[in-house]
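Thank you all for making time this morning. I would like to walk you through one structure, beginning with a pocket and then turning to the aromatic residues.

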Amino acid sequence: MSKRILSVLFVLLFLTVLTVPASANMEEPPFFNILVTNAPDDLTITFITQHDVEVELRPLTRAWESYFRLYYSEIPRAYEELGFRDTSHSFIGSDGELLETSRLRLTSPSNGLNVTVDAPYTHMKYYNGLAKINLDPASGTVTFDTTYMPVRNVLLVLLRVSVTLVTEGIIFFLMRYRTRRSWLVFLGANLVTQTILNITLTGYMPEPLGYWEFGYAFGEVLIFLAEAIVFALLLREQPKIKAVLTAVIANAFSLSLGIALFTYLPM
């Protein structure tokens, strides 16, 4: 056996001996967001379980939205800190009944606000749940807004589609496509693929599809293939190989920009 093979085997054995346990999560853990209108600067929201275990939501801002976030993984941790033995519940999905009797306490010392309401269970049993609260600090009135989500979803879809069309349109133009037919093919292909993709991403995703990034990545792969095929079959202005290359380059640019924007924009 050569010295090179022995060296490789020795390195592999050495790495095996040195392995240590590790815990990691590629994506954000499951969470629940609450948007609050008229929120005072000192507003705090506390999640209270049926066992009176409390977890304070984290105030966060993403683009034009400010909200409070509850990571579900913090609930069993709070149970453990109080000495509860059974902390195996996921608190979502099949174990979602544990949330049915949960409450939210909203407090604001500057406004003398201290009000407790039932948590919006129907919104909390998903990986990426979202609810909107209309708050009147003066009267202490708290209501859940059921009309905001459709408007929000439409605006976010229009934003994502517009960014995609502009980005890919620039690439399409730089690849010297000029005729009306070519641009109609471009618009038709993109509107169909982006509509399907955004319908998939919009709204709540049940367990285990909560990580929207997985659905987004899989959808983008299908879009790469679909648009490459459509461009090759329907575009006449340039050679087929250039049509395929245009689809690949345009989608690569829009994918990169989309990933960058999703880091800062609401989902």
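By a pocket I mean an open set of grid points, on a 1 Å grid over the protein atoms alone, where a 1.4 Å probe fits and where protein lies on both sides within 12 Å along at least five of seven lines. Please keep in mind throughout that this is a predicted model.

With that in place, the second largest pocket holds about 210 Å³ of space, and 15 residues line it, with T193, I196, G219, L222 and I223 lying nearest its centre. The elements that contribute two or more residues to this lining are α5, residues 180-201, and α6, residues 212-234, and the largest share, 8 residues, comes from α6. If we sort the lining by class, we find 9 nonpolar, 5 polar and 1 charged residues.

Let me turn to the aromatic rings, of which the whole structure contains 6 pairs. One of these pairs is F31 with Y71, which is edge-to-face, at 6.1 Å centre to centre and with 75° between the planes. This pair links distant parts of the chain, since F31 belongs to strand β1, residues 31-37, and Y71 to strand β5, residues 65-71, and the two are 40 residues apart. Are these two residues buried or exposed? Both F31 and Y71 are buried.

Because F172 lies in helix α4, residues 148-174, and W183 lies in helix α5, the pair ties together parts that are 11 residues apart in sequence. F172 has a relative accessibility of 1% and therefore counts as buried, whereas W183, with a relative accessible area of 24%, is partly exposed. Both residues belong to one aromatic cluster, formed by F172, Y177, W183, F186 and F231. As for F173, the charged end of R178 sits over its ring, 3.8 Å from the centre.

Finally, a word on T46, which is found in strand β2, residues 44-48. Its relative accessibility is 8%, and because buried means under 20%, T46 counts as buried. Leaving aside neighbours within four places in sequence, T46 is in contact with E54, V55, E56, L57, R103, L104 and R105.

Notes:
Residues numbered from 1 in each chain as written. Predicted model: local features only at pLDDT ≥ 70, side-chain atom pairs only at ≥ 80, totals over all residues. Heavy atoms only, no water. 1 Å grid on protein atoms, 1.4 Å probe; cavity = no way out; pocket = protein on both sides within 12 Å on 5 of 7 lines; lining within 4 Å. Points joined across faces, edges and corners; volume = space filled by probe spheres on them. Helix = DSSP H or I, 4+ residues; strand = E, 2+ residues; numbered from the N terminus. Nonpolar A, V, L, I, M, F, W, Y, C, P; charged D, E, K, R; others polar. Buried < 20%, exposed > 50% of the residue type's maximum accessible area, 1.4 Å probe, protein only. Contact = heavy atoms within 4.5 Å. Phe/Tyr/Trp six-rings, centres within 6.5 Å; stacked < 30°, edge-to-face > 60°. Lys NZ or Arg CZ within 6 Å of the ring centre and 35° of its normal.
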